[in-house]
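The sequence and structure are shown below.

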Amino acid sequence: MTKIEVAQDKLLDLARSLYEQFQNGIVPHLSLPSRTKGNIEYSIKDDVWVYGDQETLRSVKTIRGAKSLLKTVYLAELLIKEHLQNNRGSTLREIYYISEGWDIAKFHEQAESDRLIEDLEIVTGLHRENFHIRPEEDGAAVFGPLRLREQTRRGEREIHCQEDVGEAGYQIPFNVDNIQFLKHDAKMVMAIESGGMYARLIENGFDEEYKCILVHIKGQPARSTRRIIKRLNAELNIPVVVFTDGDPWSYRIFASLAYGAIKSAHLSEHLVTPSAKFIGVQPSDIVEYNLSTDKLTDQDMHALRSELTDPRFNTDYWKKQIQLQIDLKKKAEQQAFAGKGLDYVTKTYLPERLSELGII
Amino acid sequence: MEIAEELAKNQKAISVAEFFEKNRQILGFDSAPRALITCVKEAVDNSLDACEDGCILPDIFVQIKRIGDYYSVAVEDNGPGIVADEVPKVFAKLLYGSRFHVLRQSRGQQGIGISAAVLYSQLTSGKPARITSKIGPDHRATYCEVVINTAKNEPEVLRTEEVDWERPRGTRIELEMEGAYVRSRRQSVYGSLKNVAIVNPHARITLVEPDGNVEIFERATDTLPKKSYAIQPHPEGIELGELIKLLRYTERKKLAGFLKETFSSIGSITSHELCKMSDLDPDRPPTSLDHEEAKRLLAAFRKIKVKSPPVDCLSPIGESLIKAGLEKEYRLDFIVTTVRPVSVYSGNPFLVEVGLGYGGELDREGRVDVLRFANRVPLVYQQGACAVTHAIESIPWKNYDLAQPGGEGIPTGPAVLLVHVASTRIPFTSESKDAIADVPEILAEVELGLKEIARKLRRYMTRQSALSERREKEEIIRKILPRIARKLSDILHQDEPDIAPVVAKIMGNVSVKRTIEKENGLMVVRIAVENHGETARTFKLHDVIPQEASDVSPAAKAIPIGNGYDYHWKLSLAPGKATSLTYKVRSEGQIFSDLVVEGLEAEVVTGARVI
């Protein structure tokens, strides 16, 4: 069976089960794992966080459930008849617009269609790429001593991520599985939250000096970004470190790279790099390096407290760091190191932290 | 000269007019916007009282104009008019009036209001009050200009003449004063007249604002409110001093007669019983009772159960007119009203009416609008000091489906609350008549009234939520399920699935389904019956077949009819319970007709006809 046939079969199975529920006088419904903080579990097998046993029932008994099932069958039909049978595809955003013509089955916002697509992934056990759904390119990029081959729609391209790219680096395509790694000379992969810090490390020649593949993850990393980091780690055996701002939202970025995201825990095995290490900015760095800071907002405080009950952060390290930050009531950006000179981050902070972590 | 004699020279009586001249806030003239509202209110109250006395449907015209630094207020009515000699005293002497000594419900009580407005006007503008009055179509109108001589509290007429006036009868008063015209929602001339219109749906009120804008509050009924009659004081709650005063000044010669004639609700039986209880001779002259004996009589009053005072002295608005009044000034989904029976505090009969309007165009978030009325007069200021407010705050509104942040205080939500207290004497907290005092009897009655309408509101809300649940289910069934079924059949290239059994489950219906199997040359018929509802259901199920059946289980009654047999089962199914009925028939030529359910509503049955 081809990949397309597998995907089509899975969607038909879903339709068939709803059809049979009607036939047997059972109120049609779908069971899905509940996608909340309370329902993620640590999987010893893969060393990542996945969904637990709690389920939510989506049933036509309520108007919300009924509408959601209606949208599900409309979406299934689109994927079967337009995507798979014609070997075409659409972006997440396009699917949201396609639903304009679906009358009462229309999506109210893109977040709703995105969520339903994730539901379909969970129900079928497949990835959205299998249904020919792609995300919008988000501009995340790689810069470092790595040669790869990308299968593009216009043929194969061989690219060296330092020599063949501009200052912005090699842009990560949405389907990372079309990439083949050819050769590398890297000792580590560093995922970096902000563009400013990514550019600073390139300008300071950090990639060359430390044989480091820099990945600009652009805030909360997209699946393709998480996937390429995972593959660099798993296939080439390169250690991964993560360098973000020192605030609760950045810890979540690290968690989604290293532990798994609550929203897409069904894909954890595919996307997560359990051995990734957190460089900083740590709350304790705020004190030790005497960084310039901002005050925590109410939302920040709320997010920190919520992390204290998040099973992914239930380690001594994180509990200590988060509690320290709650006490300090301060946060710091990556770029706060600039206050000590433009070379401080590459000459002092990163080498110190990397040797603490045993990477260099 | 002794010091006391020296001091005595400086002691002199203060005229009531002088007193109020120096204490105008007591009468509600403490700020410029408020002074204007109070003047309009006093004049309109007088007009409404006059029209009611004359059994005339009030048509009141209010005009406010800006004249230089001052405002001119003109209020004109179609009432019975005032005879020429009385005009100066009515408008320019404080504490002059016809109502103070009479126990019946009226807006004005002490004869202060309009003369206080005249006083305020002359103090601030230096201009006299200009009054026109006409008592009938065959008379000429009297026009006069008066001021109050504050030192003596006596009217001074500056000018008087007979004039022609196009109205058949009525009174017009014009005052000039310092003021400020605001047009807000509540505390304004407009807001106050709107409230007047709500509780006086028999009145038409026209307001011409300073900018020339005309607001007309149309009447909602042509029925005059029931006229209130004067009554004698009620014995319940009367005080000792009052009783002694009545005993001393009565013209009655015998105690029993005195009791019967002086008080309401006391007949000859009760009066004799009272004499017996207080150990007093019924034939004694009332004036001869000493302090001790009066006390015994009072004790007897408190022991005996006297019937409630007659309602005649009060003029409630009535449930239908409260409804009409609220409907007229608000757009609402739902109105409930209640009128409490007459009660008594300190010998004064009173009665509480409550109305509540819900939904419509009212603000969904903010606090509930509270409209307070005393003897049909809206109370605008000092809401926080009023017994009505205190009673509203004491109700746990959450129990009645209105939000109440923090579990106390004025509730929030799309509602308007109207409370009307009618009494022969309203116990105000001050002479400006802004708030009703916390008299325990009144508080209790208002609370009872509020709870009555709150219960009605809760019933309405429950019904609404049941209705909206039903509507939601209907939308699922009518719009969504058929579409899901159609899409599934498109995807799978199969016939559309039958959605009826699912519909039965969602609607909580009784579902009936017949299946037929062949077995050893016979047809085995099985009827599955399930109650998806939340209540037990008892009904009969009929199956009409053209021949006799065998192995009927459970046993059914079979009645031969024209060309076959009517088999029927009497069934009783608890919520969620199912049962199965079976029988066998010979297979050839078997024609099945629709199953029939008897004894249930058609909309709760799926899969069978209902008779």
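## Residues with positive phi

His132(A) counts as buried because its relative accessibility is 18%; buried means under 20% relative accessible area, exposed over 50% and partly exposed in between, with a 1.4 Å probe and protein chains only. The residue lies in the loop of chain A between helix H4 (110-124) and strand S6 (133-134). Helices (H or I, at least four residues) and strands (E, at least two) are DSSP runs, numbered from the N terminus. Although His132(A) is not a glycine, its phi is positive, at about 60°.

The model is predicted, so local features need pLDDT of at least 70 and side-chain atom pairs count only at pLDDT 80 or more, whereas totals for chains, interfaces and linings use all residues. Residues are numbered from 1 along each chain as its sequence is written, chains are lettered from A and ligands numbered from 1 in the order in which they are written, and side-chain values use heavy atoms, with hydrogens and water left out.

Asn520(B) is also not a glycine and has a positive phi, of about 50°. Asn520(B) is located in the loop between S15 and strand S16 (522-531) of chain B. With 75% relative accessibility, Asn520(B) counts as exposed.

## Cis peptide bonds

Most residues other than glycine have a negative phi, and most peptide bonds are trans. In chain A, the peptide bond between Gly280(A) and Val281(A) is cis, with omega about 15°. Val281(A) belongs to the loop between strand S15 (277-280) and helix H10 (283-288) of chain A.

In chain B, a cis peptide bond connects Ser553(B) to Pro554(B), with omega about -10°. Pro554(B) is in the loop between S18 and strand S19 (557-561) of chain B.

## An open sheet in chain B

Five strands of chain B form an open sheet of mixed pairing, in the order S18-S21-S16-S15-S23. Strand S18 (550-553) and strand S23 (605-606) of chain B are at the edges with a single partner strand each, so one side of each has no neighbour in the sheet. Two strands pair if DSSP finds at least two bridges between them.

Strand S15 (residues 510-519) of chain B and S23(B) run parallel and are joined by two bridges. Ser511(B) has Thr606(B) as its bridge partner in S23(B).

## Thr221(B) and its surroundings

Thr221(B) is placed in the loop between strand S8 (214-217) and helix H7 (240-249) of chain B. Its relative accessibility is 12%, so Thr221(B) counts as buried. The side chain of Thr221(B) reaches the backbone nitrogen of Thr223(B) at 3.0 Å. Leaving aside residues up to four places away in sequence, Thr221(B) touches Leu57(B), Pro201(B), His202(B) and Leu321(B), where contact means heavy atoms within 4.5 Å.

## Interface of chains A and B

In the contact between the chains, 28 residues of chain A meet 23 residues of chain B. The area buried between chain A and chain B is about 2400 Å², and carbon and sulfur atoms give 74% of that area. Buried area is the accessible area (1.4 Å probe) that two parts lose on being put together, summed over both. Tyr19(A), Phe22(A) and Ile63(A) supply 30% of the area that chain A buries against chain B, more than any other three residues.

The rule finds two salt bridges across the interface of chain A and chain B, each a side-chain nitrogen of Lys or Arg within 4 Å of a carboxyl oxygen of Asp or Glu. The side chains of Glu77(A) and Lys487(B) form a salt bridge at 2.6 Å, N to O.

How values were computed
Polar contact = N/O pair within 3.5 Å; in protein donor to acceptor, adjacent residues only side chain to side chain.
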